[in-house]
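I opened this model to go through it entry by entry. My notes follow, beginning with the place where the chains meet.

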Amino acid sequence: MILTLITFLPAAAGLVLAGVKSESKVRAAALAASLVVFGLAGYAWFAFDPENPGMQWEEDYPWIEAARIRYALGVDGIALAMVVLTAFLMPIAIRCSWSQPRGFMIALLFLETGMLGAFCATDLFLFYVFWEAMLLPMYLLIGVWGGPRRVHAAVKFIVYTIAGSVLMLAAILYCYAKADTFDVVRLQEVLPGLADVRAVGHWLFLAFGLSFAIKVPMFPFHTWLPDAHTEAPTAGSVILAGVLLKLGTYGFLRFAVPFFPDAARLFTPLVLGLSAVGVVYGAAMAMAQSDIKKLVAYSSVSHLGFVMLGIFSGTIEGAQGGVLQMVNHGLSTGALFLLVGILYEKTHRRGVDDFGGMARVMPAFATIFMIVTLSSIGLPGLNGFVGEFLVLFGAFKTHPWLAAVSATGVVLGAVYMLKLYRDVFFGPVTMPEREKAGDLGRAELGYLLPVVVLLFVLGVFPNAVLRKTEPSVRKVVEKLEPRPNAAAQRHE
Amino acid sequence: MPPLSVTSDDLLSILPALLLTAGALGAVGAEVFFRREARRAAAELILYASVLGALVFTLSRLYQYPAWGRLPGFGGSVRLDALALFLSLGILAATGLTAVLSADALRGRGIPPGEFHALLLLGAAGMLVLVQSVDLITFFVSLEILSLAVYVLSGALRGDPRSNEAAAKYLLMGAFATGFLLYGIALLYGATGSLSLYGIGSALDSAEGGPSPTALLGFALLAVGLAFKVGAVPFHQWIPDVYEGAPTVVTAFMSVAVKAAAFGALLRVLLTAGLPHVEAWRDAVWGLALATTVAANLLALWQRSVKRMLAYSSVAHTGYLLVGVAALAAPAAREDAATGAVFYLFSYTFMTLGAFAFASLAGRDGRDAEDLDDYAGLARRRPWSAFAMTVFLVSLAGLPPTAGFLGKFLVFKAAVAAEEYALVIAGVLGSAVSVYYYLRVVVAMYMKPAPEGSPEGASPNVTMVVLACALFTLVLGVLPGTFLHYSKLSSWALLR
């Protein structure tokens, strides 16, 4: 029951709020609803049994019986980590959009239901419903409340994503036709053994993989991301980077790899290669940006490349690092987008060259920006370090050359982030009229501090996450390990 | 030949159609016998009473369906089974909603309400008989009744040259299609000596060495005639012009009710008369389905006029439905395919009717909305209706959690089970393309500023229809249980 509550509370609140006229009441209620969801998710997190690799808090009811579709929810460690991340970021996203109208809040709440549902669904049909249902709110967030080129960005976002997911729909139907069930856990057990599915496994993997790769986004399917991020309102960017992209990597972990392990092993070199290219390419593009928001957007491409590298490294360290990086990136990049949003709100500028000496003008802002920057580039003691280290450690074991190439991404990351910091915060103060911009207010500190605290906590106690995700991650890694006796098994 | 006597069972089997016909006569009578001031009220009263009566009968019949069983009538010419009842439900709902819409759309345009309503009811009566006819003569007569009514309706705006053009085009093309159809019927009769669909089916089944060329040609011509009516590529050319030129209310009615009736007839012909010789029609339907999904979606991309875009979208949906029809060819997928197609037809009614209803709401300066620019900024002026329109568009594009998604899902699921992978891939890619053109309307409504000009006051009738359709579109997508059950019963009525 708790997962249903977590998933549908936001949408229910959104429905009710659609009838409320007062803007301030809608905002307060939206924040309250998202905080309740966070509370419930937090409870689930602490009550979760880390020893059990299976699904927990399962719910299973018949839904559309004619097509044997069930309303089935459940979480393992990976899904739960994502649920908590989503529930944590959402109140922050709502709080940072305090000046937005009620439609914005309602869209955010529906978006939250879509994302949480996609993480919790253990019925493939249900997953697809949530997966697609979250697109429309995001589309409206970008298209209605975004920047000057919002329409272009919104259309690009939705057309890219849907183009990817329709082929997944065809693949889902094929899996159903052969396995006769939509139950994800059952499919994970059955599909790898079905001859019909194995015969076209690579096509099915590509159909699922394409839709997830677009979401991640993996190079070369990333081109929608910089536009969407740049034009989206702050809350939209935070959620997009923090949660939506994770659905792509989550999709690989939950569906693409366990469903089609043979094909996943076959395509591992390709995926790893593209990931390494993405790491370096994203970092190089970030170095070249003059718009801070775009810079952060490209850094996402680079960081998500690391996540994919870890997942497909075929080692438990790498995959665990990848999952940890999913959380870390959600926090660090989410925080960066929040900071860029605050800066833009106060100064109406976003260009790197527009700023200088901001450390003197906004000292508290500069401090937090520094912490987040250091977390993003992986300074030991902060969260980013552990994840990156584990990913590279795992990748070195199996693919040393690719790991070496990707490691340059870490260096480049430090270069562009520190260069950004230097240009914006140090040097002479440019634009004297901006001096009146003022430092962080109490409200802004209120939603930034929880993130900063978590950056430290995860830096020091990464095990808080790793311990709960390990059993489920191990199950995925086993599927990717090269199996010399795979041929023998086939004849069983 | 049984003696020609009409029993009460016979009358009961076509009771809904009889009610509508009586209503039509009453509506014309109202135009003659009532004073000018009272005419509108009288015509509307008669209209709603007859539609409601037919609806109540159909619903009660459907509700008790397994107990009451199917009801043959007129010596086996008609058969009121689950398919007929369920499609009738959709047709009657569409008729009722169109009637509500027409109250405002007709005002001040010089269309006598009695005449319009009479034609609407006659058309609907023809559809009701068409979906229950199992005899080619009844089939042909009812198809002509509905076609003639709709020809006139599409030209209802007598002063508007485009409406005239629409009616003329529709009539000419339709007459041509009728010619094919009639010729096909004649050939089939000649080849098999029977007019009953079941009789034709068993004659073909028992024919030595497969069906004769005459029978096959007859079948092909019959299929061409029906392909015209449902608007499958390459027989779709009349659709954009007629849909655009006809008054928007008529377009709404035409696009959903005519399609439901014609598809119902197509399913019945293929599954009763045509089942013994699946291989005779499988490839043809396959080709039509592929051509329709691909061409319609590509053509829709280029439309500026929303009505034309919706016209091509209607063709595209014919394509998705034909994917389901093609899946009927595989015995393993047959039941699922029929269920999916019937569910699709039913749910299609509400999303398309709603979209056209909204198009009549979005009008400005006394005309219907056509161009995308007419929709600019509507989300601010009419947030609820604009949201409803978004639901229709999302549903038409086949995104969850709407009826359109579930319908497509069921049809494609059956097609995968039938191993028609090429059709499914064309279908899903077509849907992806369609997202672009459907969402252009959302872009206009939500992301463009409203232009200058005097927007028409929101009519409560139209708003009501739009919201009701949106509700149905969502309910059918999220809680489809009952309707899927009826769809399943319909497929059993065809197959068992």
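**Entry 1: the contact between the chains**

I looked up the contact and found 25 residues from chain B and 26 residues from chain A in it. On the chain B side, α18, α19 and α21 (481-495) each supply at least two residues. I noted that α19(B) gives the largest share of that side, 12 residues. By class, the side of chain B that touches chain A has 21 nonpolar, 2 polar and 2 charged residues. Here Ala, Val, Leu, Ile, Met, Phe, Trp, Tyr, Cys and Pro count as nonpolar, Asp, Glu, Lys and Arg as charged, and the others, Gly among them, as polar.

The model is predicted: local features need pLDDT of at least 70, side-chain atom pairs count only at pLDDT 80 or more, and totals for chains, interfaces and linings use all residues. Residues are numbered from 1 along each chain as its sequence is written, while chains are lettered from A and ligands numbered from 1 in the order in which they are written.

**Entry 2: chain A overall**

I listed 22 helices and 2 strands in chain A. Helices (H or I, at least four residues) and strands (E, at least two) are DSSP runs, numbered from the N terminus. The radius of gyration of chain A is 22 Å, close to the 23 Å that the globule rule gives for 492 residues, so chain A is as compact as a globular protein of that length. That radius is taken over C-alpha atoms, and the rule is 2.2 Å times the number of residues to the power 0.38. Along the principal axes, the C-alpha atoms of chain A fill a box of roughly 75 × 55 × 40 Å.

I then checked burial: 62% of the 492 residues of chain A count as buried. Buried means 20 or more other C-beta atoms within 10 Å of a residue's own, exposed means 12 or fewer, and partly exposed lies in between, with C-beta atoms placed from the backbone. Of the contacts in chain A with a separation of 6 or more, 79% are between residues 24 or more positions apart.

**Entry 3: the strands of chain A**

Strand β1 (residues 56-64) pairs with β2(A) in the antiparallel sense over 6 bridges. Pairing requires that DSSP finds at least two bridges between the strands. I found D60(A) opposite A72(A) in β2(A). The hairpin has 4 residues between the strands, and R68(A) takes a positive phi near 50° in it. Strand β2 (residues 69-75) of chain A is mostly covered, with 6 of its 7 residues buried.

Helix α2 (residues 23-47) of chain A has 25 residues and reaches 36 Å from its first C-alpha to its last, close to the 36 Å expected at 1.5 Å a residue. The expected span is 1.5 Å times one less than the number of residues. Buried residues in α2(A) include V26(A), A30(A), F38(A) and A44(A). The buried residues of α2(A) pack against α1 (2-17), β1, α3 (77-95) and α4 (102-120) of chain A.

Next I turned to helix α5 (residues 82-106) of chain B. Its 25 residues should span 36 Å, and its end C-alpha atoms are 35 Å apart, which agrees. I saw a bend of about 25° at V100(B) in α5(B); the bend is the angle between axes fitted to the seven residues ending there and the seven starting there. In α5(B), 22 of the 25 residues are buried, so this helix is largely enclosed by the rest of the structure.

**Entry 4: backbone exceptions**

Most residues other than glycine have a negative phi, and most peptide bonds are trans. I searched for exceptions.

- The peptide bond from F219(A) to P220(A) is cis, with omega near 0°. P220(A) sits in the loop between α10 (201-215) and α11 (224-231) of chain A.
- V233(B) and P234(B) are joined by a cis peptide bond with omega about 10°. P234(B) is in the loop between α10 (213-230) and α11 (238-245) of chain B.
- H348(A) is not a glycine, yet has a positive phi of about 55°. H348(A) lies in the loop between α15 (316-347) and α16 (358-361) of chain A, and counts as exposed with 10 C-beta neighbours inside 10 Å.
- E419(B) has a positive phi near 65°. I placed E419(B) in the loop between α18 (403-417) and α19 (421-447) of chain B. E419(B) is partly exposed, with 15 other C-beta atoms within 10 Å.

Conventions: Two residues are in contact if their C-beta atoms, placed from the backbone, lie within 7 Å.
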